[in-house]
Protein chains: 2
Amino acid sequence: MASAKNEASLHQHDLQGMPSRYRTNLIHCLSGFKSACLIGTQNTKGRTNLAVFSSIFHVGANPPLLGMVSRPHTVRRDTLENIRATGHYTINLIHRDIIAGAHQTSAKYDADTSEFEAAGLTPQHSSVIQAPYVAESWVKTGLTVREIIPVKSNGTWIIIGEIREILCPQEAIDEAGYIDLNSLGSVTVSDLYRYYLPHLLTQCEYATP
Amino acid sequence: MASAKNEASLHQHDLQGMPSRYRTNLIHCLSGFKSACLIGTQNTKGRTNLAVFSSIFHVGANPPLLGMVSRPHTVRRDTLENIRATGHYTINLIHRDIIAGAHQTSAKYDADTSEFEAAGLTPQHSSVIQAPYVAESWVKTGLTVREIIPVKSNGTWIIIGEIREILCPQEAIDEAGYIDLNSLGSVTVSDLYRYYLPHLLTQCEYATP
């Protein structure tokens with residue numbers, strides 16, 4: 001492990017002087033390991049879309065809410081457009097056996113191509129959510145939009161969704177409600193390209209002073 | 001791995017009927033593996049505070065922005081109060097050697113106790129950021145607040161901060177700007193109690209159709 005003696009100290013002018021790609025890679029790593037998910041949506045004509053996201057976060061359990069960040073509206077953003085149009089989307093955790101296909105959805109396809117086909121993944125329809133799940137995912141959440149919040153600082157959007165449906169193998173949910181993400185092969189990412197498999201280190205207790 | 005045949009399908013009425021703790025645990029797992037961080041702050045008198053968070057997310061690289069969620073303002077929330085008062089905070093990635101101390105900061109201490117002492121961690125001061133870093137952390141980011149956004153759906157707050165300082169071992173940053181979080185022992189969490197160590201599975205290429 002690195003020694004604290006070699007700690008680099010980078011400031012605003014250092015960041016501004018970095019090549020754009022270098023800065024992007026560095027900034028991505030600062031938030032640590034993130035969830036790797038596929039967001040499923042469809043437009044009002046039923047054309048499906050699938051996109052990889054690493055900005056999913058927990059907002060609250062009652063009501064059950066999850067958040068995600070969508071990039072600025074400067075290029076075609078089918079996921080955000082579809083969520084605005086239908087009010088529905090799905091979050092599908094990526095596991096070790098579907099990384100290659102999941103990552104492929106980050107390519108820029110034309111509007112006539114469904115990323116499901118390109119990724120070799122199967123849309124799974126729901127009677128509750130007007131958006132496709134990824135059949136191959138083990139942990140799937142169907143949501144309806146509660147808020148779409150503008151982030152003024154850079155023109156991104158934060159989407160807050162309420163959980164309406166959960167699809168998950170029954171045997172992976174323990175008696176306390178925890179899903180064994182480890183046994184399901186769920187992965188995490190440090191940046192836009194590297195996928196990692198976590199192994200349980202320790203289970204802490206409820207902390208008291 | 002579980003078979004899709006046993007996929008449980010849970011809906012709103014199932015969630016509403018669950019014991020509160022069970023629902024909380026389940027909902028926490030749906031967002032997958034999350035970053036485990038310590039947020040360092042201080043009040044206007046310089047009293048330090050440290051709290052564990054798992055809701056850090058990437059917002060953008062230019063300007064360099066990170067987001068986090070703070071729980072509703074129904075109990076004493078020193079982190080949010082301090083950020084409002086000083087405009088500064090630090091994000092310190094938790095690694096395998098400081099899990100026990102980091103987790104201990106989630107206990108409810110009285111206002112006179114610094115979580116640094118309780119956790120056995122060392123405040124590290126900065127000439128740029130009016131908030132303490134965790135000396136023992138390997139990846140430290142100092143931020144100033146850009147926006148504090150209310151989430152109407154449940155009364156939480158989303159804090160958007162701009163990165164002003166980065167402290168990280170120079171040898172852990174590669175020529176492309178990536179930080180090798182793996183070599184630094186950075187951990188991830190699936191819920192409020194379980195800490196995992198990720199191992200690199202695969203590094204994908206930039207995807208093209």
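Is A:Leu121 buried or exposed, and what is its relative accessible area? A:Leu121 is buried, with a relative accessible area of 8%. Buried means under 20% relative accessible area, exposed over 50%, and partly exposed in between (1.4 Å probe, protein chains only).

## Basis of the model

This is a predicted model: local features need pLDDT of at least 70, side-chain atom pairs count only at pLDDT 80 or more, and totals for chains, interfaces and linings use all residues. Residues are numbered from 1 along each chain as its sequence is written, chains are lettered from A and ligands numbered from 1 in the order in which they are written, and side-chain values use heavy atoms, with hydrogens and water left out.

## Around A:Leu121

A:Leu121 sits in the loop between α5 (115-119) and β8 (123-124) of chain A. Helices (H or I, at least four residues) and strands (E, at least two) are DSSP runs, numbered from the N terminus. Residues touched by A:Leu121 include A:Leu38, A:Leu50, A:Ile98 and A:Phe116, not counting residues up to four places away in sequence. Contact means heavy atoms within 4.5 Å. A:Ile98 is 23 residues from A:Leu121 in sequence and 8.3 Å away in space, C-alpha to C-alpha.

Helix α2 (residues 20-30) of chain A also has buried residues, among them A:Leu26, A:Ile27 and A:Leu30. Just after α2(A), A:Gly32 has a positive phi of about 80°.

## Symmetry and interface

Chain A superposes on chain B by a rotation of 180° with 0.0 Å of shift along its axis (RMSD 0.0 Å). The two copies are thus related as by a two-fold rotation axis. Within chain A, A:Pro198 comes closest to the axis, at 1.9 Å (C-alpha).

Chain A gives 112 residues to the contact and chain B gives 111 residues. Of the interface residues of chain A, 99% are also interface residues in chain B, so the copies meet through the same surface. About 10300 Å² is buried between chain A and chain B, and carbon and sulfur atoms give 62% of that area. Buried area is the accessible area (1.4 Å probe) that two parts lose on being put together, summed over both.

## Salt bridges

Over all chains there are 10 salt bridges, and 4 salt bridges cross the interface of chain A and chain B. The rule asks for a side-chain nitrogen of Lys or Arg within 4 Å of a carboxyl oxygen of Asp or Glu. A:Arg194 pairs with B:Asp174 at 3.4 Å, N to O. A:Arg194 is buried at 11% relative accessibility, whereas B:Asp174 is partly exposed at 24%.

A:Arg146, A:Glu162 and A:Arg164 form a network of salt bridges. A:Arg146 reaches A:Glu162 with the closest N and O atoms 2.4 Å apart. A:Arg164 meets A:Glu162 at 3.8 Å, N to O. A:Glu162 is buried at 8% relative accessibility; A:Arg146 is partly exposed at 36%.

## Aromatic rings

The structure holds 3 aromatic pairs over all chains. Rings of Phe, Tyr and Trp (its six-membered ring) pair if their centres lie within 6.5 Å; planes under 30 degrees apart count as stacked, over 60 as edge-to-face and the rest as tilted. A:Phe57 and B:Phe57 have ring centres 3.9 Å apart and planes at 5°, so they are stacked. Both residues, A:Phe57 and B:Phe57, are buried.

Note on methods:
Least-squares fit on C-alpha atoms with pLDDT ≥ 70 in both.
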